[in-house]
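Welcome, and please open your viewer.

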Amino acid sequence: MNEQQLSESEVFLPKSELQSLIDLLRNDGMTVVGPTIDQQAIVYDEITSVDELPRGWTDRQEPGKYRLEQRDDDATFGFVVGPHSWKKYLFPPLTTVSTAEKTDQGWQMQTPEPDSTRYAFLGVRACELAAIAVQDRVFTGGPYIDPVYSNRRKNAFIIAVNCTEAAPTCFCSSMNTGPECRSGFDLALTELDDGFVVQAGSEAGETLIARLNTSEITTSQSETAGQARQQAVDQQSRHMNTDGIRDLLLGSLKHPRWEEVGNRCLGCTNCTMVCPTCFCSSVEDVTALSGESVERKRHWDSCFNLSFSYISHGTTRDTISHRYRQWLTHKLASWHDQFDTSGCVGCGRCITWCPVGIDLTEEVAAIRGNGDSSQSGGQS
Amino acid sequence: MSNAARKPKLGVFKFASCDGCQLSLLDAEDQLLDVVGLVDIAYFLEATSKIGSGPYDVALVEGSITTPHDEERIQEIRQQSKFLMTIGACATAGGIQALRNWADKDEFVRAVYASPEYISSLETSTAIADHVTVDFELRGCPINQYQLIEVIQALVGGHKPRTRTHCVCMDCKQRGNVCITVATGEPCLGPLTQSGCGAICPTYDRGCYGCYGPAKQIHAQSLTDHLIRQGSAPPQLVPLLRNFNSNAEPFRNESNRIESMT
């Protein structure tokens, strides 16, 4: 059944039933991952109970700054996105991709069994659905399918949540990825005071709805949900002008702004680590002291690392400004050539989690040469 | 060093230091016998009183140069050693004792020793590389024993050691740590500091102390200017930069710059 054949109708799930949703998924053998408070932030981790969700909390974000705050209501999903993304489950930071043992018959190569965990992601935002779709293209779109990613991805059940608020760092509207969840989910929820308006996005989602105690939604509930979703649109104050952005950036490789931002940039990799689409990794062989066995490990890497562009004659991108330019031009320009999409989904993580608050929307606006950031980028 | 017929001869030498880095090797426990099997330990006073003579294929040097005698001894060790590797923050940057470089050394000597006239020491504590050519530096206070074993293994096997040079932030992110500076405002040296510890301090909710010293091409001023704009007081940042790697050039220069602001 494809998405067009799904019932368009939405149902109402009372808040008291959210635990049933988690229980059903767990009983079906899934590991439920959702937002929870840890280390003074809302992160993604395994949850078993609604009590672990950040009910009554929100996040205040600005460039280089994140603070958790109590809300004056009991909203369960009254925040945007935090330092973690679903990438850590689909494309884990460290994986053993192969092993080799020395035997009497020579070296025996082996590929580890694929991870059999079936994840249910609860609370995936529209920008994150877009990010998963981008990584789908990266890891499974070409002739080489990444087995680690594709195995985890095909098993994943996605419960999206429509944003009802936007942080000052959000700019998904500019990137045309949100804030409303339109595709790529099994279920999508919009939170109301006493429950959720639930929409199915797949057959599996419809089946799950049928197992929950839902009711038909009233016109007023439907209208309230629509208004809540609109609020996330209206609250967006950050913009990025993407008109001709590929040619703009690739035609501005000598722009003095690269040097300027390169002096502020720490080269610390934080933006690439928190980015839900950045996919770079390196592999290294870890040999046992005995010399009898080897593990080939893949770990997240970053174009901000000096070693990342190290080749036979030395490091290709030997200054931070060159590495920043590489990252931004790949993300916003050459990504289009490579994957037929932008690499940016407008989630704002790289802005918030940059230790010195570098804001790519401002950098693009500066390169565009338009001082009025409300028109071309930055915050209005 | 891939001569399979003869095991490389190893010497471990100590200058001004706490011995913690040498102990990292002895602490290797499960792997110790395998490591010992790879090399011929000729000089390692912390481990054995049996002293073999040089020259050495590999010299591990711990500690900083703080006395006139140290200055002579390191030259001798360099002459006796094919491959000289420093281990730890004292040897690579001067250690915590380099704080004397900003103070009156004689005042310290008078405060510590009952008979200061017997003490002969230099005005400064400096890195081994300030005195002789160093072939490889292993950072940390203390060093990471797995990195040490990796380097010894690489030397013996003739391959490049896997001692990565990214900054602590990447380790934090890969562990799922939330950035302390962004989420709480607490200063952290992670963005300036080379990896090696696996981001221990931020994992336990403390900012990074910079034990592994400055990463390459860091922009220390960008971070400190931002921390000051966010409310950190310059006098709070000076001691943060003047820890175990205070005399590493980027930390030294930046701490001097901030100090001059106050």
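**Stop 1: a sheet in chain A**

Start with four strands of chain A, which form an open sheet in the order β7-β6-β15-β14, paired antiparallel. (Strands are DSSP runs of E with at least two residues, helices are runs of H or I with at least four, and both are numbered from the N terminus; two strands pair if DSSP finds at least two bridges between them.) Colour β7 (106–110) and β14 (281–287) of chain A next: these are the edge strands, each pairing on one side only. From one strand to the next, the twist averages 20°, with axes as lines fitted to C-alpha atoms and angles running from 0 to 180 degrees between N-to-C directions.

Before moving on, a note on the model and its numbering. This is a predicted model, where local features need pLDDT of at least 70 and side-chain atom pairs count only at pLDDT 80 or more, while totals for chains, interfaces and linings use all residues. Residues are numbered from 1 along each chain as its sequence is written, and chains are lettered from A and ligands numbered from 1 in the order in which they are written.

Now zoom in on β14(A) and β15(A): seven bridges join these antiparallel strands. Pick A:V286, and you will find its bridge partner, A:E295, in β15(A).

**Stop 2: all of chain A**

Zoom out to chain A, with its 14 helices and 18 strands. Its C-alpha atoms fill a box of roughly 70 × 65 × 40 Å along the principal axes. Of its 380 residues, 44% are buried, meaning that 20 or more other C-beta atoms, placed from the backbone, lie within 10 Å of the residue's own.

**Stop 3: where chain A touches chain B**

Select both chains. Their contact takes 37 residues from chain A and 30 residues from chain B; contact means C-beta atoms, placed from the backbone, within 7 Å. On the chain A side, the elements giving two or more residues include β3 (41–46), α9 (256–264) and β15 (293–300) of chain A. Which element gives the most to this side? Select α10(A), which gives three residues.

**Stop 4**

Key:
Buried ≥ 20, exposed ≤ 12 C-beta atoms within 10 Å, placed from the backbone. Contact = placed C-beta atoms within 7 Å.
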